[in-house]
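I opened a new entry today.

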Amino acid sequence: MKQKEGVIKPKTKRAKRFLDNRAPKLTENVKNAMIMKGGNTSMTVTQALKDIYALKKPSAVLYKKKNITRPFEDSSSLEFFSKKTDSSLFLFGSHNKKRPNNLIFGRLFDFHVLDMIELGIEKYNSLSAIKNSKCPEGTKPMLVFAGEAFDHDDDHKRLKSLLTDFFRGPVVPSVRLAGLEHVLHFTALEGKIYMRSYRSLLKKSGCRTPRIELEEIGPSFDFVLRRTHLASDDLYKTAHRQPKALKPKKKKNISHDTFGTKFGRLHMQKQDLAKLQTRKMKGLRKRRGPAAAAEGETSSKKTAKVEVE
C-alpha cells in the first residue's frame, strides 16, 4: 500500500479488499475485543481471561504474551493494537499488591480510548470447575441486569452500557426459540457486582409453552468496582451518533401502544348516515298498497282487544 498526503492507496486487489473492510460503513462490522494480560498476572486473572475469551469467541483476539503497560496512565499501546486488529473493545488483566486480581473493561472510539472501568475479582469459579454441559461457541447471550444501582448511579449506568457492548454479540434480525439458551446475569448489590452464566433448558410443561429452567455453567465472578475513566458527555454523545440513512423515517398518522400494536389514522370526508347503505332485512322492509293498510288495521284491532281484556 502506498501512502500519499495522508491517503492510503492500495497497490493490489488484496490490499483494496482489506481497506474496504476497514472503511466506515452504514452497518458496522461485529465489534471485536482484544483480551490481553499485563506484566504481572496471577493464575486467577489468566484463567479468567481465557474463560471470558471462550464466551466472546469468535469475535475476540487473545494475546498470550505479556504487555507491560498501564492503561490508566498510558493507553497508546492499546490504541496501537486496536488499529492493528480493528478492535473497538478490550479487556486487560493485571495483578499487584495494591490491586490484586484486576480486570479492566474498556472500549474505543475512532481508535482512541472512550471509557474504562476497573473491576477487582473477589471470588471466581472457572468454566472447568462447574461440571455441566456448555453452550456452543458463538451463542448470542441474553443479558439481564438486576439492581437499582444500574438505573441510578452514573458509574453503574456506564458499566451496564459497557458490559452490554462487550457481551451482546452480533446484531441479528430474529432468533429462534432453541437459540435462546445462554443467559448472562449481572447483579449490583451492596457495592459489588455479581456475574453469573446460565444455560436455559426447555422442559415439557403439558402445554404449547415450554417450562424453562436455568442451569449454571460458569464462569461466575464476584466483582468490586475500583477506578473509572469515563468519557465526557459531549464525546459520549458523538460516539453514539448515527448516520441519517440509518435513522427510521417518521410515518404520518401511525402510532404504537405500549405492547407494540400498530395503529393508523384515516382522514375521511363527512358522511351522511341517512344515505348509508346497510344490509336489507325482510322484516324491516316497508310494505306498500292496500295490503299494507289492511294489515295495519288488523294489528290495531288486535291491540285494542288485548287492552280491553
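I started with the criterion: a salt bridge is a side-chain nitrogen of Lys or Arg within 4 Å of a carboxyl oxygen of Asp or Glu. I also noted that this is a predicted model.

**Entry 1: salt bridges**

I found 13 salt bridges in the structure. Lys-31, Arg-107, Asp-115, Arg-158, Asp-165 and Arg-168 are linked in a network of them.

I looked up two pairs among these residues. Asp-165 and Lys-31 meet through their side chains, at 2.9 Å from N to O. Asp-165 sits in helix 5, while Lys-31 is in the loop between helix 1 and strand 3 (33-37). The two are 134 residues apart, so I logged the pair as a link between distant parts of the chain. Asp-165 is buried at 13% relative accessibility; Lys-31 is partly exposed at 33%.

Next I took Arg-158 and Asp-115, whose closest N and O atoms are 3.6 Å apart. This pair joins helix 5, which holds Arg-158, to strand 7 (residues 112-125), which holds Asp-115. The separation is 43 residues. Arg-158 is buried, with a relative accessible area of 11%. Asp-115 is buried too, at 1%.

I then checked Asp-222 and Arg-196. Their closest N and O atoms are 2.9 Å apart, and they form a salt bridge. Asp-222 belongs to strand 12 (residues 220-229) and Arg-196 to strand 10 (residues 192-203), so the bridge ties together parts 26 residues apart in sequence. Asp-222 counts as buried at 11%, and Arg-196 as partly exposed at 21%.

I turned to the largest pocket, which holds about 1,600 Å³ of space. It has 38 lining residues, and Glu-28, Asn-29, Lys-31, Ser-88 and Ala-239 are the closest to its centre. Helix 1 (13-22), strand 6 (102-109), helix 5 (154-167) and helix 6 (233-239) each supply at least two lining residues. By class, I noted 15 nonpolar, 12 polar and 11 charged.

The second largest pocket holds about 360 Å³. Of its 19 lining residues, Thr-69, Arg-70, Phe-92, Ser-94 and Asn-96 lie nearest the centre. Strand 5 (89-94) and strand 6 each give two or more residues to that lining. I recorded its classes as 5 nonpolar, 9 polar and 5 charged.

**Entry 2: surface**

Val-172, Val-175, Leu-177, Leu-180, Leu-202, Ile-212 and Leu-214 form it, with about 600 Å² of accessible area together. I checked Ile-212, which is in strand 11 (residues 211-216). Ile-212 is exposed, at 56% relative accessible area.

How values were computed: Residues numbered from 1 in each chain as written. Predicted model: local features only at pLDDT ≥ 70, side-chain atom pairs only at ≥ 80, totals over all residues. Heavy atoms only, no water. Patch = residues over 30% accessible without salt bridge, like charges linked within 9 Å, V, L, I, M, F, W, Y side chains within 5 Å. Areas by Shrake-Rupley, 256 points an atom, 1.4 Å probe, with all protein chains shown as cover. Helix = DSSP H or I, 4+ residues; strand = E, 2+ residues; numbered from the N terminus. Buried < 20%, exposed > 50% of the residue type's maximum accessible area, 1.4 Å probe, protein only. 1 Å grid on protein atoms, 1.4 Å probe; cavity = no way out; pocket = protein on both sides within 12 Å on 5 of 7 lines; lining within 4 Å. Points joined across faces, edges and corners; volume = space filled by probe spheres on them. Nonpolar A, V, L, I, M, F, W, Y, C, P; charged D, E, K, R; others polar.
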